[in-house]
Amino acid sequence: MNPGADTFLSCSEDDTVRLWDTNTQHPCGKLLISRPYLAAFDPSANVIAIASEAAQTVLLYDYRNYDKEP
């Protein structure tokens, strides 16, 4: 869950991380990442951290520009 808004992240076996708004039934953003297994917001809700088994690392994204490279 985003600590500053009504949004949350989900990881899926279809290699996507989706950003959801709790007020809608549809995702408001999507990233294609090979085998993501954990996604979280930092406490300030400025950074999205995504752990990827395939990359063997944690990818950090700017929440406002999550569609850009980490």
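Modeller: The sulfur of Cys11 lies 15 Å from the closest cysteine sulfur, that of Cys28, and this is too far for a bond. A disulfide is a pair of cysteine sulfur atoms within 2.5 Å, and a search of the whole structure finds zero of them. Cys28 is in no disulfide, with the sulfur of Cys11 as its nearest cysteine sulfur at 15 Å. Cys11 is partly exposed, at a relative accessible area of 31%, and Cys28 is partly exposed at 43%. Here buried means under 20% relative accessible area, exposed means over 50%, and partly exposed is in between, with a 1.4 Å probe and protein chains only.

This is a predicted model, in which local features need a pLDDT of at least 70 and side-chain atom pairs count only at pLDDT 80 or more, while totals for chains, interfaces and linings use all residues. Residues are numbered from 1 along each chain as its sequence is written, and side-chain values use heavy atoms, with hydrogens and water left out. The pLDDT is the predictor's confidence in each residue, from 0 to 100. The protein chain averages 93, and 100% of the residues score at least 70.

Among the residues in contact with Thr16 is Cys11. Contact means heavy atoms within 4.5 Å. Leaving aside neighbours within four places in sequence, Thr16 is in contact with Ser10, Cys11, Lys30, Leu31, Leu32, Ile33 and Pro36. Thr16 belongs to strand β2, residues 16-21. Strands are DSSP runs of E with at least two residues, numbered from the N terminus. Thr16 has a relative accessible area of 3%, so it is buried. The side chain of Thr16 makes a polar contact with that of Arg18, at 3.4 Å. A polar contact is a pair of N or O atoms within 3.5 Å; within protein, one atom must be able to donate a hydrogen and the other to accept it, and residues adjacent in sequence count only if both atoms are side-chain atoms.

Next comes Ser10, in strand β1. Ser10 is partly exposed, at 22% relative accessibility. Not counting residues up to four places away in sequence, Ser10 touches Thr16, Val17, Arg18 and Trp20. With Trp20 there is a polar contact between the two side chains, at 2.8 Å. Ser10 and Ala39 are 29 residues apart along the chain, and their C-alpha atoms are separated by 6.8 Å.

Rings of Phe, Tyr and Trp (its six-membered ring) pair if their centres lie within 6.5 Å; planes under 30 degrees apart count as stacked, over 60 as edge-to-face and the rest as tilted. Phe8 and Trp20 are a stacked pair, 6.2 Å centre to centre with 10° between the planes. Phe8 lies in strand β1 (residues 7-11) and Trp20 in strand β2, so this pair ties together parts that are 12 residues apart in sequence. Phe8 is partly exposed at 27% relative accessibility. In the pair of Phe41 and Tyr63, the ring centres are 5.4 Å apart and the planes stand at 75°, so the pair is edge-to-face. Phe41 is in strand β4 (residues 36-41) and Tyr63 in the segment after β6 (57-62), so the parts tied together are 22 residues apart in sequence. Phe41 is buried at 13% relative accessibility.

Asn2 has Phe8, Phe41 and Tyr63 among its contacts, along with Thr7 and Ala45, when neighbours within four places in sequence are left aside. Asn2 sits in the segment before β1 and is buried, with a relative accessible area of 5%. Its side chain reaches the backbone nitrogen of Ala5 at 3.4 Å.

Ala45 is in the turn of the hairpin formed by β4 and β5, which has five residues between the strands, and Ala45 has a positive phi of about 65°. Two strands pair if DSSP finds at least two bridges between them; five join β4 to β5, and the two run antiparallel. Leu38 stands opposite Ala51 in β5.

Methods
Helices (H or I, at least four residues) and strands (E, at least two) are DSSP runs, numbered from the N terminus.
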